[in-house]
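This briefing goes through one protein chain topic by topic. Keep the sequence and the structure open while reading.

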Amino acid sequence: ASVASVRRYLRKFLGDPRIVEMPRMLWLFILNCMVLPFRASRSADRYRKIWTSEGSPLAVHTARICEGIAGRLASEGLNVRVLPAQCYGTPSVKEQMDLLSGKGIDKILVVPLFPQYSPQTVGAAMDAVARYLLARRSPPAVRSIKRFYDRHGWADAIAAQVQASWRKKGVPEAGKSRLVFSFHGIPEACVSIKGDTYRQECEESARLVAQALGIPTEAWEVTFQSRFGPAAWLQPYTSDRMRALGRAGIERIDILCPSFACDCLETCEEIEIDAKADYLSENPSGLFNYIPCINASSEAVAFYADLVKEELQGWI
């Protein structure tokens, strides 16, 4: 990940009005004069920490998810093309929809890989699709999924990932450990002033997974990560809780990130490396166990395939 490529990505990502909700001209001045000259280099260093021989973990896992869904649908006799696309990277939404249109496909289901709805994630993906449709004289028919944390099978797929980790690392001891659900944060004002339902959806997501695991309320908690800028974001912050739990003598932390379908920078670096350091700085003898995202696990692929089949009723 070169500094130049990261700068291009950040310019698109942070330049999206969905991502930073500030007066447009003011934010563009801040972005180009104060953010990009410094953040691009730091972000490139962070990406290098998690880069694999196959490339970006996010791109690799997303491609495998698509391959898994396509294979499962094909095994059931369903001829469905499944392609990955990115809002700010490549292959782009436009490129992939052009590819499908070029093959005569005029019915497209868009599945933003975000379990919970927020304007900054699912909303941005829907914007990208809408821009494509607006530019076409004869656009394809399009359906989309707004959220899927509450659909049958999602919580079970997350729980299966947790249980797989516990089979390897041992089941945590009651009273001495904590299962932490770390969700990507958004500005607090989005919930308290603008009325977004994101926090409620995150808390409900955690409750559904805990219920599938059969663990009591006192064994788990919800935190929020990835804060950007000086404004207050949803709390408690994951980094603060890691240090607090370490000071409290909690002997083991198991942490997962259920707002991410795939492992990426925010999980591999921010949680697996940084959050671990926060916890161990207060409890050097503690055990920190990062539980990977469901990625392209068999349970995840089965869930997505069932979700797609349900949403494509009448088309297949």
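Is Phe114 buried, partly exposed or exposed? Its relative accessible area is 30%, and since buried means under 20% and exposed over 50%, Phe114 is partly exposed. The model is predicted, and the points below are grouped by topic.

**Around Phe114**

- Phe114 sits in the loop that runs between strand S1 (107-110) and helix H5 (119-134).
- Leaving aside neighbours within four places in sequence, Phe114 is in contact with Thr121, Val122, Arg147, Phe148 and Ser259.
- Phe114 and Gly77 are 37 residues apart along the chain, and their C-alpha atoms are separated by 27 Å.

**Nonpolar cores**

- In soluble globular proteins, nonpolar side chains tend to be buried together.
- The largest nonpolar core has 44 residues, of which Trp154, Leu179, Phe181, Phe183, Leu213, Trp220 and Tyr304 touch the most other members.
- At least two residues of this core come from each of helix H3 (57-75), helix H6 (154-169), strand S3 (177-184), helix H8 (198-213), strand S4 (220-225) and helix H12 (298-311).
- Another core, of 18 residues, lies apart from the largest one and includes Ile19, Trp27, Val35 and Tyr88.
- Not counting residues up to four places away in sequence, Trp154 touches Pro115, Gln116, Phe148, Tyr149, Ser205, Val209, Pro258 and Phe303.

**Helix H3**

- The 19 residues of H3 should span 27 Å at 1.5 Å a residue, and the end C-alpha atoms are 27 Å apart, so the two values agree.
- The buried residues in H3 are Pro57, Val60, His61, Thr62, Ile65, Cys66, Ile69 and Leu73.
- An α-helix has 3.6 residues a turn, so residues three or four places apart point the same way.
- Helix H2 (24-50) and H12 are among the elements that cover the buried residues of H3.
- Just after H3, Gly77 has a positive phi of about 80°.

**Second largest pocket**

- The second largest pocket holds about 290 Å³ of space.
- It is lined by 15 residues, and the closest to its centre are Pro172, Glu173, Ala174, Ser177 and Ala219.
- S3 gives the most to this lining, with three residues.
- Sorted by class, the lining has nine nonpolar, two polar and four charged residues.

**Backbone exceptions**

- Most residues other than glycine have a negative phi, and most peptide bonds are trans.
- The peptide bond from Thr90 to Pro91 is cis, with omega near -5°; Pro91 lies in the loop between H3 and helix H4 (93-102).
- Gln235 and Pro236 are also joined by a cis peptide bond, with omega about 5°; Pro236 is in the loop between S4 and helix H9 (238-247).
- Ser226, in the loop between S4 and H9, has a positive phi near 65°.
- The relative accessible area of Ser226 is 12%, so Ser226 is buried, the cut-off being under 20%.
- Asn295, in the loop between strand S6 (287-290) and H12, has a positive phi near 45°.
- Asn295 is buried because its relative accessible area is 9%.

Conventions. Residues are numbered from 1 along each chain as its sequence is written. This is a predicted model: local features need pLDDT of at least 70, side-chain atom pairs count only at pLDDT 80 or more; totals for chains, interfaces and linings use all residues. Side-chain values use heavy atoms; hydrogens and water are left out. A nonpolar core is a set of buried Ala, Val, Leu, Ile, Met, Phe, Trp, Tyr and Cys residues joined through side-chain atoms within 4.5 Å. Buried means under 20% relative accessible area, exposed over 50%, partly exposed in between (1.4 Å probe, protein chains only). Helices (H or I, at least four residues) and strands (E, at least two) are DSSP runs, numbered from the N terminus. Contact means heavy atoms within 4.5 Å. On a 1 Å grid over the protein atoms alone, a cavity is a set of points where a 1.4 Å probe fits but cannot get out, and a pocket is an open set with protein on both sides within 12 Å along at least five of seven lines; lining residues have an atom within 4 Å of a point. Grid points are joined across faces, edges and corners, and a volume is the space filled by probe spheres set on the points. Ala, Val, Leu, Ile, Met, Phe, Trp, Tyr, Cys and Pro count as nonpolar, Asp, Glu, Lys and Arg as charged, and the others, Gly among them, as polar. The expected span of a helix is 1.5 Å times one less than its number of residues.
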